[in-house]
Amino acid sequence: MALSLQQKITDPRQGVYLIGTTPPKADTATDKVARIAKKLLGRLNEIEYDGLIVYDIQDESSRVAAERPFPFHSTLDPRDYGQLLRQLAQQDVITYKSVAQRDGSEFKAWLTQTAADYQLENLVLVGSPSSNGEIKLSLPEAYQHLAEHSTPFYLGGVAIAERHAKKGNEHLRLIEKSAQGCEFFISQAVYNAQATIDLLTSYARSCKQQGINPKRIILTFTPCGGEQTLDFMQWLGISVPEGSKYRILDAENPLNESIKICRDNLQQILQHCANLDIPLGLNVESLTNRREEIDASIRLFRLLKALMELHLAEKQVA
């Protein structure tokens, strides 16, 4: 019998391979939403993956002063799109949820509805993108409400290597989130291999010192087709070293060059972290709805999955 996504995430001997996607715009007609979902899944028929991540897109303009490279558009409720994808693909779905906009009672009602009406149980909760503006519910408060809820949700968190590079404490945040119920973590898109290596190393050392088992960390990668996507990545807070930036911008085929950079970064991470007791996973996303970048994400997934599978096989015979 095939393992569920939760079983794979929990078992360090298993690989975990995910595809990240964004819901269509909020005003998209129902029949068009179905066509978009079927078109995406048609592309994914070319690969073998374990589940889908559906993001909760929020206006993050309060986080940075710079203008957003792509205009913000409200999207469908991730639960609606996640439920549709799960039904069409017969695959497990992880649903992101931004919690700052609702108070405690509203969030508890959201949890009840998510369980009863959507039958979605794999969640990643995300806090406010900045301390500016009104925060009705903090992330720790949301974790507490979820822990007290009658539905046994399977909870994940976000891991941000860039935050570790600035503050040096992201590994401690991961340990704290684990104590609050997180069973896995999904990284921000990786373009700075060293920042990710530093975070993983610090996390492994602290877990060993505290006598706890590290949770699985699913590394996210995304292709980049040119300057506007690169600007958007950096606006989102993704660290792109200058050398990588110019490799992409000066390349004859920026998408293919970005795929090579992602491959190189994953190879570095696996090489440096091979002896760390951290189960890893892979998530590949496209940051835009451009056809060429979506197609590139499929090529990227194939390449990185092969690297991860080889790493896992070598680790099991070591």
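Predicted model: local features only at pLDDT ≥ 70, side-chain atom pairs only at ≥ 80, totals over all residues.

User: What makes strand 1 and strand 2 a pair?

Analyst: Two strands count as paired if at least two bridges are found between them. Strand 1 (residues 17-21) and strand 2 are joined by 4 bridges, so they pair, and they run parallel. Within this pairing, Ile 19 has Leu 52 of strand 2 as its bridge partner.

User: Why is strand 5 called largely enclosed?

Analyst: A residue is buried when its relative accessible area is under 20%. In strand 5 (residues 154-159), 6 of the 6 residues are buried, so the rest of the structure largely encloses this strand.

User: How do you know that both faces of strand 5 are covered?

Analyst: The buried residues lie on both sides: Tyr 154, Gly 156 and Val 158 on one, and Leu 155, Gly 157 and Ala 159 on the other.

User: Which strands pair with strand 5, and in what sense?

Analyst: Strand 4 (residues 122-126) pairs with strand 5 in the parallel sense over 3 bridges, and Val 124 stands opposite Gly 156. Strand 6 (residues 184-189) also pairs with strand 5 in the parallel sense, over 4 bridges; here Val 158 has Ile 186 as its bridge partner. The cut-off is at least two bridges, so both cases count as pairs.

User: Which residues touch the most other members of the largest nonpolar core?

Analyst: This core has 77 residues, and those touching the most other members are Leu 44, Leu 125, Tyr 191, Ile 217, Phe 221 and Ile 269. Apart from this core lies another, of 15 residues, among them Leu 5, Val 16, Val 158 and Ile 218.

User: What does Ile 269 touch?

Analyst: Leaving aside residues up to four places away in sequence, Ile 269 touches Val 190, Ala 193, Thr 196, Ile 197, Leu 200, Leu 219 and Phe 221. A contact here requires heavy atoms within 4.5 Å.

User: What makes up the lining of the second largest pocket?

Analyst: The lining holds 25 residues, of which Pro 12, Arg 216, Ile 278, Pro 279 and Leu 280 lie nearest the centre of the pocket. By class, 12 are nonpolar, 6 polar and 7 charged. Helix 12 gives the most to this lining, with 5 residues. The volume of the second largest pocket is about 440 Å³.

Notes:
Residues numbered from 1 in each chain as written. Heavy atoms only, no water. Buried < 20%, exposed > 50% of the residue type's maximum accessible area, 1.4 Å probe, protein only. Core = buried A, V, L, I, M, F, W, Y, C linked by side-chain atoms within 4.5 Å. 1 Å grid on protein atoms, 1.4 Å probe; cavity = no way out; pocket = protein on both sides within 12 Å on 5 of 7 lines; lining within 4 Å. Points joined across faces, edges and corners; volume = space filled by probe spheres on them. Nonpolar A, V, L, I, M, F, W, Y, C, P; charged D, E, K, R; others polar.
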